[in-house]
Amino acid sequence: MAITLTEKFAPYTDEQFKNESKRSLVTNQDFDWTGAHTIKVYKIQTSEMQDYGRTGPTGDNFSRYGSIADLNSSTEELALKKDRSFIFNVDKLDADETQQQVEAATALARQNREVVIPEVDSYTYGVMCTGAGTKPAAKALTAESIYSDILVASAALDDAEVPETDRVLIVTPATYQLMKQSESIVLNCDVGEEMRQKGVIANIDGMNVQKVPANRLPAKFGFMVAHPSATVAPTKLEDFNVHNDTIYSSGAVVTGRICYDAFVLDNKKKGIYYQATT
């Protein structure tokens with residue numbers, strides 16, 4: 001005779017592993033979009049050095065300082081393009097009959113952690129890779145070559161006169177494994193807890209090493225060296241709400257909207273070096 005066995009549901013939800021956002025370390029919030037959807041940034045040229053006419057103006061010049069030229073200027077337009085949203089329902093009986101495991105506030109936090117943050121991070125890193133000022137040809141990264149490849153990237157930023165402080169080396173877990181296998185690399189892993197929460201796992205050649213999950217980076221991502229001044233990553237609006245007992249549902253309707261974007265500034269794009277891998 002068959003026996004019906006008892007089933008019991010534990011008041012526990014098996015949540016997915018998801019990292020918090022790491023983009024704050026490699027981007028900036030230098031501009032304020034309050035009251036505007038588009039910001040225009042001026043780009044002003046400079047003047048060439050000339051020989052001073054100690055005995056008087058030379059040639060057709062009217063000044064001993066040389067020929068007079070107007071400074072040219074142009075504008076760079078930063079218009080927000082990403083206006084994203086979501087909506088879902090949590091029925092009252094669903095919440096009651098799952099021992100409150102299906103609950104609106106918890107579901108909203110999960111949505112933000114597992115959907116919103118990864119999307120914004122992926123978009124931002126994609127913009128940085130596309131807009132990088134230095135993008136050598138894709139190559140296979142190996143434990144034997146990875147250190148020299150990183151040094152080439154660092155030298156490229158040096159030649160572009162990018163500030164040496166605050167540089168970040170962004171790597172995938174696979175690239176980080178190559179770095180640990182390299183006999184030439186000595187990683188300083190004495191990193192504070194605050195920096196570890198931002199994904200920093202070590203320091204090399206004065207750069208913070210930030211490990212980012214491969215699924216938040218473009219395909220064939222090898223590594224990237226970036227200075228935060230090069231990328232503006234505004235979030236103009238974050239609007240997340242739990243609407244209880246509306247005409248649309250006996251329960252809670254959860255809505256969310258986020259307006260964001262990322263821009264690599266033209267005059268600072270040399271502050272990003274992106275190495276793709278084969």
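Predicted model: local features only at pLDDT ≥ 70, side-chain atom pairs only at ≥ 80, totals over all residues.
## Aromatic pairs

Phe86, Phe88 and Phe240 are joined into a cluster by ring pairs. In total, the structure contains six aromatic pairs. In one of them, the ring centres of Phe86 and Phe240 are 6.0 Å apart and the ring planes meet at 20°, so this pair is classed as stacked. Phe86 is buried because its relative accessibility is 14%, and the limit for burial is under 20%. Phe240, with a relative accessible area of 25%, is partly exposed.

The rings of Phe221 and Tyr274 form a tilted pair, because their planes stand at 35° and their centres are 5.4 Å apart. Phe221 is in strand β7 and Tyr274 is in strand β12, so this pair ties together parts of the chain that are 53 residues apart in sequence. Phe221 and Tyr274 are both buried.

## Nonpolar cores

In soluble globular proteins, nonpolar side chains tend to be buried together. The largest nonpolar core of this model has 22 residues. The members that touch the most other members are Tyr125, Met128, Ile170, Phe221, Met224, Ile272 and Tyr274. Two or more residues of this core come from each of α2 (104–131), β4 (168–171), β7 (221–226) and β12 (272–276). The greatest contribution is that of α2, which supplies four residues.

Which residues does Ile272 touch, not counting residues up to four places away in sequence? The contacts of Ile272 are with Met128, Ala132, Gly133, Thr134, Met224, Val225, Ala226, Ala230, Thr231 and Val264. Another core, of 20 residues, lies apart from the largest one, and its members include Val162, Phe223, Val225 and Tyr273.

Asn28 is located in the segment before β1 (38–44). Is Asn28 buried or exposed? Asn28 has a relative accessible area of 8% and therefore counts as buried.

The side chain of Asn28 has polar atoms placed close to the backbone at two positions: one lies 3.0 Å from the backbone nitrogen of Asp30, and one lies 2.8 Å from the backbone oxygen of Pro228. Not counting residues up to four places away in sequence, Asn28 touches Pro228, Ser229, Ala230, Thr231, Val232 and Ala233. Of these, Ala230 and Thr231 are also among the residues that Ile272 touches.

Terms used:
Residues numbered from 1 in each chain as written. Heavy atoms only, no water. Core = buried A, V, L, I, M, F, W, Y, C linked by side-chain atoms within 4.5 Å. Buried < 20%, exposed > 50% of the residue type's maximum accessible area, 1.4 Å probe, protein only. Contact = heavy atoms within 4.5 Å. Polar contact = N/O pair within 3.5 Å; in protein donor to acceptor, adjacent residues only side chain to side chain. Phe/Tyr/Trp six-rings, centres within 6.5 Å; stacked < 30°, edge-to-face > 60°.
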